[in-house]
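Reader: I would like a close look at a single part of this model, taken slowly and with the criteria spelled out. Could you walk me through one region and how its pieces sit against each other?

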Amino acid sequence: GLSTQPIWRKLWDDVMKTRPPNSENITCWRKKFLETFFSNVLHGVLDVSSDWRLNDHHFSPLLHSSPHVSQLTLCNMLQGAVELTAEHNQKVLENLAGSLRILKFQHLLSSDQSIRRSLVLLLHRLIHHGSVSQVSMYSWPVPDTVLLVLILSMSAGFWRSGNALTYHSSPCSLCREEDKAQSQESAQERAERGRYDEREWSDGENQQGSSRAPEEADAEVNGYGADAHLNSVLSGPRSPPLRNQTCEEASSKVPCDHTSIQGGSSPRCISDQLSCHPVLQKTRRRLKSAVGKKRRCLRRSRGPYADPEDLYDFVFTVAREDNSGLLDKNSATEGENTENWTSSSPESPCTGHAGCKKRGGSAGIFSLKAAHRFRSVSTLELFSIPLTGETCRTLSNLLSSWVSLENLVLSYNGLGANVFCILSGLRALSRHSDCHLRVVRVSDVFSHMPCMELVRCILSAFPQLHTLSVSFDLKNQLEGNRPEGNPSCSEVEIPESCLEQLEIRFPREPLHTAFLLPVLKASKSLQQLSLDSATLPCSQELGLLLEALKECNPNLKKLSFHDVNLAEHHKEVLLLLQDPVLQEITFSFCRLFESSTTEFLSEIINTVKRNSSLKSLKLPGNRLGNHRLVALADIFSEDSSSSLCQLDVSSNCIKPDGLLEFTKKLEGHIQQRGGQIQFTHLRLFQNWLDQDAETAQEALRRLKAVCSVVNDSWDSSQAFADYISVM
């Protein structure tokens with residue numbers, strides 16, 4: 001029953017000899033220590049020989065700590081991947097396959113083929129045969145296209161069947177075991193099917209008094225031979241297998257020659273197809289050609305969300321041909337076929353407009369026809385990784401069938417016009433009935449289209465989204481020049497959505513309620529709305545927005561304004577503070593008190609005192625100063641019915657003496673109320689508390705007896721100097 005947290009905390013100090021970041025948020029020091037210990041040993045940051053407790057040849061640091069690692073970061077030249085796939089660390093890799101959930105890549109550099117091979121083994125084990133559900137990539141200013149495409153495609157569950165995934169000169173043991181079991185299962189199914197058809201043939205002969213033509217019988221026999229041959233190709237010992245797709249999905253109500261429909265048709269068994277065509281030729285070549293024109297009965301994917309049709313319907317291009325481990329130069333005929341398909345198929349997610357133009361001749365072809373699909377991750381995050389047109393087309397085609405994807409984050413990728421290419425892939429994905437995408441976050445420096453238009457585009461395609469975040473820093477001067485084939489989304493009708501959280505950062509665009517209104521009307525379940533860096537075109541605009549929110553979004557619980565000038569909108573601010581439904585309100589850097597009077601502050605305090613539903617009030621960056629902070633303590637007076645639990649007064653020019661006076665006044669109100677107060681959290685980041693350390697320490701000590709205080713050691717003088725230097 002004793003906690004070991006202090007022991008692990010002391011071990012951190014003894015072994016790591018560094019201060020852990022965000023130590024106040026660490027809930028389990030054991031997990032934090034073992035995860036960091038594993039990472040530091042793997043990357044050579046920690047020398048185990050320097051500590052007598054670790055310097056033991058019977059002790060394997062990686063093996064000991066690997067079962068406790070839930071997230072891992074690989075950096076630079078991927079030395080960690082090479083180490084983990086070494087033969088002596090095979091048990092370590094097996095442990096990680098069961099424990100690892102988040103795999104991160106940071107500051108990657110170009111790598112040679114041997115390193116990429118190690119990465120392939122690692123991703124295959126941790127994603128395809130493991131438990132990794134999230135892949136995140138950070139800070140890659142000049143990404144190696146081949147390496148990037150490799151990570152993306154394997155995260156999506158794809159890998160080429162023609163490439164032997166070997167582990168120490170032998171096929172992947174898990175693939176080999178599954179292949180053996182599936183081969184036995186398919187052989188048993190074929191045998192049972194043969195006996196059933198034989199009985200059927202015999203019954204038909206007895207009932208009708210006639211037999212089928214010898215040519216038909218030969219075709220059927222050869223059909224089973226072709227079925228067995230194709231299964232043996234798909235499940236060869238040097239190819240990563242998929243689980244068998246059961247033939248029970250094929251219903252007799254659907255004709256055998258029914259052409260496949262995206263997301264709607266059932267896969268057909270090869271033998272069933274052959275039995276429906278009595279005039280098939282007997283040669284294997286002709287037979288395989290006829291079979292190829294119909295939908296294959298694919299093996300079932302390792303993941304629960306894979307669509308087997310994708311393996312034969314999607315082709316994506318990559319930017320280079322020099323990676324023998326990933327890219328495959330197909331024959332001229334196959335290349336022509338794939339090019340023709342890409343440009344003509346209605347299901348091709350990324351063709352036909354300027355923002356997503358196909359460059360002929362320069363790109364290698366990675367055909368998903370030659371790929372097997374394994375388990376894929378549910379979260380993909382790309383931070384500060386420039387994406388070229390080629391890479392965007394690759395990602396678009398991967399997204400178009402990535403039905404297991406639940407969270408997509410694209411942050412500062414320099415998309416530009418390629419945003420239409422990504423949207424094209426997302427639209428194709430939305431047509432899958434088993435699509436699981438629920439969270440989309442897109443942010444960048446320049447916006448290539450108005451924020452509200454992008455919001456409407458995404459939401460009209462994905463009404464099932466729960467969270468949508470669109471954020472841009474600056475407006476592109478060429479925003480009006482949209483690629484052909486991408487009409488404005490402002491005319492698209494938005495179906496009723498499941499959206500619960502909407503975040504929009506405008507690049508200094510005017511906030512027109514008329515453009516936002518269709519989104520609000522379609523989002524009856526909206527609970528959180530955040531509007532950032534918008535300008536109000538007229539004084540009535542905020543009032544119109546509040547009326548729309550009241551009418552369309554009765555369940556709204558959290559409302560946030562950041563960097564929106566509300567200095568002349570006191571009436572609307574007070575209306576929000578007295579809203580009986582809102583539980584959290586944020587006015588961040590909104591210049592609330594820029595042109596206000598003492599009466600406005602008193603009205604805010606009295607309004608909050610009467611509101612029993614408001615739980616959190618965040619006022620960072622509004623120049624409260626000492627006197628306004630002290631006045632806010634009256635929110636907790638004896639006659640108050642407020643239920644306020646959290647107050648954020650960060651970046652408000654608060655000095656130590658003002659904080660101490662606020663503390664004393666708060667203590668007085670608590671004493672008058674007999675200690676009954678719901679106030680639990682106070683945030684004080686980036687205030688001028690360093691000007692009098694002794695007074696600040698006394699104020700913080702007394703405050704911590706009342707509530708949880710979160711602050712930082714901020715150098716106000718340096719911050720002021722930085723502010724002056726950029727003016």
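Author: Strand β2, helix α6 (residues 113-128) and strand β3 make a right-handed β-α-β unit, where right-handed means that, with the strands pointing away from the viewer, the path from the first strand over the helix to the second runs clockwise. Helices (H or I, at least four residues) and strands (E, at least two) are DSSP runs, numbered from the N terminus. The model is a predicted one, in which local features need pLDDT of at least 70 and side-chain atom pairs count only at pLDDT 80 or more, while totals for chains, interfaces and linings use all residues. Residues are numbered from 1 along each chain as its sequence is written, and side-chain values use heavy atoms, with hydrogens and water left out.

To take the strands to begin with, β2 is joined to β3 (residues 134-138) by five bridges, and the two run parallel; strands count as paired if DSSP finds at least two bridges between them. Within this pairing, glutamine 106 stands opposite tyrosine 138 of β3. β2 (residues 102-108) also pairs with β1 (residues 71-76), in the parallel sense and over six bridges, and here asparagine 76 has leucine 108 of β2 as its bridge partner.

Turning to the helix of the unit, α6 packs with α5 (residues 90-99) at an angle of about 40°, their axes being 8 Å apart; axes are lines fitted to C-alpha atoms, for helices over the stretch in contact, and angles run from 0 to 180 degrees between N-to-C directions. That angle makes α5 oblique to α6, because angles under 35 degrees count as roughly parallel, over 145 as roughly antiparallel, 65 to 115 as roughly perpendicular and the rest as oblique. The contact (heavy atoms within 4.5 Å) is made by Leu93, Glu94, Leu96 and Ala97 of α5 with Leu122, Arg125 and Leu126 of α6. By class, these residues are five nonpolar, no polar and two charged, counting Ala, Val, Leu, Ile, Met, Phe, Trp, Tyr, Cys and Pro as nonpolar, Asp, Glu, Lys and Arg as charged, and the others, Gly among them, as polar.

α6 also meets α7 (residues 145-155), the axes coming within 10 Å and crossing at roughly 20°, which makes α6 roughly parallel to α7. Residues in this contact include Leu119, Val120 and Leu123 of α6 and Val146, Leu147 and Leu150 of α7, and the contact of α6 with α7 divides into nine nonpolar, three polar and one charged.
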